[in-house]
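Please read the following note beside the sequence and the model. The points are numbered so that each may be checked in turn.

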Amino acid sequence: MNPAPRRVSRRRALGALAGGAAGLMVPVQLMAQTSAGAPRDRVAPAGAERRPEPPFALLASWIRIAPDESVVLYMSQCEMGQGTRTGLAQILADELEADWARIRIENAPTGAPYQVTLRGFTAQFTAASSSTVLLFDALRSAGARARRMLLAAAAARWGVPAAECTAAGGFVTHAASGSRASYGTLALRASTLPVPDRVELKPREAFRFIGKPLARLDTPAKSDGSAMFGIDVRLPDMLHAAVRHQGGDGSGLGAWRCVAS
Amino acid sequence: MTNLVVNGQPRALEAPGEMPLLWALRDDLGLTGTKFGCGAGLCGACTVHVDGEAVRSCVMPLKEAAGRRVTTIEGLSRTRSHPVQKAWIAHDVPQCGYCQSGMIMAVAALLAKTPSPDDAQIDRAITNLCRCATYHRIRAAIHAAARGAHTAARGAHTAARGAHTAARGADTASRSRQDAAGSGA
């Protein structure tokens, strides 16, 4: 009954990227907002935005689209109940033109690629209500890049220009020929294509999930006991520690010994 | 050795009889859906059913559960199909979620005895604490579970949320009562 802790190691993620697991896994260069003054083009021009290559700190994350049509977002941010991960998934799914019902979130490993910078402080953190602000642009770009690769894979399969193909709801469609293919069936081919350097982002009036009230992705697991909290993590040979507070106001540490317990 | 039935399965536990049932469930049986909260029977995060009654497993010695049937959140249903779970999902009740296993178990025990509780009955029976203060959604979900309204599509939570917001002011008073009841338990 008790679910085994789901741990996605960096090694496993990289293994999947290298072809150990079938599917499109996009190593996306994500842009983190840097200190004040970093260029952020917030002005949406008519039509799509065109985004300059950022001089921002680089972080990496992965989208994995598998042949079973699942879309997995490896999430570097903790969910502490504010709906952060659902919100980030909405951002990702929007540019990706994903089927919302297929979106799943898994924990990203820890590591330098997930560090973000806020007001000069660089670390992998979930703090200061910063997750959405720091990742908004990055996840839109990630979703758009993956979508472009899926469009290119479909266009190559059908021998039509990618510009004539459209993506929506987890499918790529070529209206003129009546062709239609799901992301899952395109993922393997898409994974062999180059990751686009530049992507155009949709204007906000075309947002499909961003700003829309959607059911939270973490609610089912929080309703059957399967949600993992820190206290639930079990690792081999794991030791437990607890803080022993001082006895009273003004008291301090007298001496300590380091012995096996 | 303590013999008991956990989620329908006979179990024999070597743990000391004085060990809290909660520790045996979490650490010996790996049933981590039930949470450690205060360790003093106050907050209700550790609520499980023992012979159908909601109990706070952090203050029940394992030996008291000997020969009895224990149900944890993992055993409430296999597919989140219990009416309370359906209502919880339909109303997007949890915020951080830490207290919700205990909350759901307490509510399931309440509805088994009192199928259509009014607000006063809910306040008396559900003294579990939720520090995210999701009480307004908890109450709405309890009523929904009682009505069977959970069968409505999950998308209905959006409309329900607006109604919750309107009811939030009225909930503040009852939340204070719940807190008082919880700390006095």
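**Notes on the predicted model**

1. The secondary structure of chain A consists of four helices and eleven strands; helices (H or I, at least four residues) and strands (E, at least two) are DSSP runs, numbered from the N terminus. This is a predicted model, in which local features need pLDDT of at least 70, side-chain atom pairs count only at pLDDT 80 or more, and totals for chains, interfaces and linings use all residues. Residues are numbered from 1 along each chain as its sequence is written, while chains are lettered from A and ligands numbered from 1 in the order in which they are written.

2. Chain A has an average pLDDT (the predictor's confidence in each residue, from 0 to 100) of 77, and 75% of the residues score at least 70. Within chain A, the mean is lowest in helix α1 (residues 10-20), at 37, and highest in strand β9 (residues 171-174), at 98.

3. Two stretches of chain A call for caution. In residues 1-22 of chain A the pLDDT is below 50, and the stretch has 35 contacts in the model beyond near neighbours in sequence; two residues are in contact if their C-beta atoms, placed from the backbone, lie within 7 Å. In residues 27-60 of chain A the pLDDT is likewise below 50, with 65 such contacts. Where pLDDT is low, the predicted coordinates should not be read in detail.

4. Among contacts in chain A between residues at least 6 apart in sequence, 74% join residues at least 24 apart.

5. In chain B, five strands form an open sheet with mixed pairing, in the order β2-β1-β5-β3-β4; two strands pair if DSSP finds at least two bridges between them. The edge strands of chain B, each pairing on one side only, are β2 (9-13) and β4 (53-56).

6. Strand β3 (residues 47-50) of chain B runs antiparallel to β4(B), and four bridges join them. B:V48 is placed opposite B:V55 in β4(B). Helix α4(B) packs on the sheet and touches β3 and β4 of chain B; its direction makes about 40° with that of β3(B). Here axes are lines fitted to C-alpha atoms, for helices over the stretch in contact, and angles run from 0 to 180 degrees between N-to-C directions.

7. Which chain gives 27 residues to the contact, and which gives 19? Chain B gives 27 residues and chain A gives 19 residues. On the side of chain B that touches chain A, at least two residues each come from α2 (73-76), α3 (83-90), α4 (100-113) and α7 (157-184) of chain B.
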